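Please keep the sequence and the 3D view open while reading.

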Amino acid sequence: MTLAIGDILSESGVNVLYTRTTDIYQTPTQKAEVGNASGADYFVSIHRNSSPIPGQYTGIESLVYSPNSLAAIMAANINARLEAIGFADQGVNERPDLAVLRRTYMPAVLVEVGFINNDQDNALFDQKFYQVANAIAQGILESL
């Protein structure tokens with residue numbers, strides 16, 4: 001998903017940098033350090049959410065360090081685009097405890113693209129993969 005979003009952003013003239021392009025684990029602190037060293041203007045981290053009980057929750061949410069920030073504006077734009085393709089919007093939520101939000105020097109957004117243990121979210125994610133990637137990219141572009 002992140003690579004697909006990056007392709008769309010690159011095609012729109014955005015210089016996209018990645019903390020990683022392979023499936024090798026990095027700690028959240030390592031991701032923040034790579035982002036900081038890059039000199040990037042924004043940091044966007046893409047994830048799938050989960051819950052203790054399968055199917056317990058549904059929808060997308062974006063996490064930010066502070067609700068009164070450029071990151072929160074970008075998060076709201078991303079969420080609105082994802083809601084338009086069918087996801088329930090769980091909002092833009094403040095999470096100053098997360099390393100990728102707390103330790104980055106630039107505005108940072110962590111996007112939870114549906115619950116990985118929710119059949120409805122998985123079907124939407126799989127069936128509308130390109131639309132999901134485009135929605136996130138357009139939400140970012142709208143914010144830039």
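Does N49 count as buried or exposed? The model is predicted, and in it N49 has a relative accessibility of 13%. Buried means under 20% relative accessible area, so N49 counts as buried.

**Surroundings of N49**

- N49 is part of strand β1, which covers residues 43-49.
- Not counting residues up to four places away in sequence, the residues that N49 touches are E61, E112, G114, F115, I116 and N117.

**Nonpolar cores**

- The largest nonpolar core is made of 25 residues. Within this core, the residues with the most contacts are I5, L82, F87, V132 and I136.
- At least two residues of this core come from each of α1 (2-11), β2 (60-64), α3 (70-84), β4 (108-115), α5 (119-127) and α6 (129-143).
- F87 is in contact with I60, L82, V113, G114, D121, L124, F125 and V132, leaving aside neighbours within four places in sequence. Among these partners, L82 and V132 are also listed with F87 as having the most contacts inside the largest core.

**Aromatic pair Y57 and F115**

- Two aromatic pairs are found in a search of the whole structure.
- In one of them, the ring centres of Y57 and F115 lie 5.8 Å apart. The planes of these two rings are at 35°, so the pair is classed as tilted.
- Y57 sits in the loop between β1 and β2, and F115 sits in strand β4. The two residues are 58 residues apart, and the pair links distant parts of the chain.
- Y57 has a relative accessible area of 44% and is therefore partly exposed. F115, at 7%, is buried.
- F115 is also one of the residues that N49 touches.

**Aromatic pair F125 and F129**

- F125 and F129 form an edge-to-face pair, with 5.8 Å from centre to centre and 85° between the planes.
- F125 is buried, because its relative accessible area is 11%. F129 has a relative accessibility of 33% and counts as partly exposed.
- R48 lies over the face of F125, and the distance to the ring centre is 4.1 Å.
- F125 is also among the contacts of F87.

Definitions and conventions
Residues are numbered from 1 along each chain as its sequence is written. This is a predicted model: local features need pLDDT of at least 70, side-chain atom pairs count only at pLDDT 80 or more; totals for chains, interfaces and linings use all residues. Side-chain values use heavy atoms; hydrogens and water are left out. A nonpolar core is a set of buried Ala, Val, Leu, Ile, Met, Phe, Trp, Tyr and Cys residues joined through side-chain atoms within 4.5 Å. Buried means under 20% relative accessible area, exposed over 50%, partly exposed in between (1.4 Å probe, protein chains only). Helices (H or I, at least four residues) and strands (E, at least two) are DSSP runs, numbered from the N terminus. Contact means heavy atoms within 4.5 Å. Rings of Phe, Tyr and Trp (its six-membered ring) pair if their centres lie within 6.5 Å; planes under 30 degrees apart count as stacked, over 60 as edge-to-face and the rest as tilted. A charge sits over a ring if NZ of Lys or CZ of Arg is within 6 Å of the ring centre and within 35 degrees of the ring normal.
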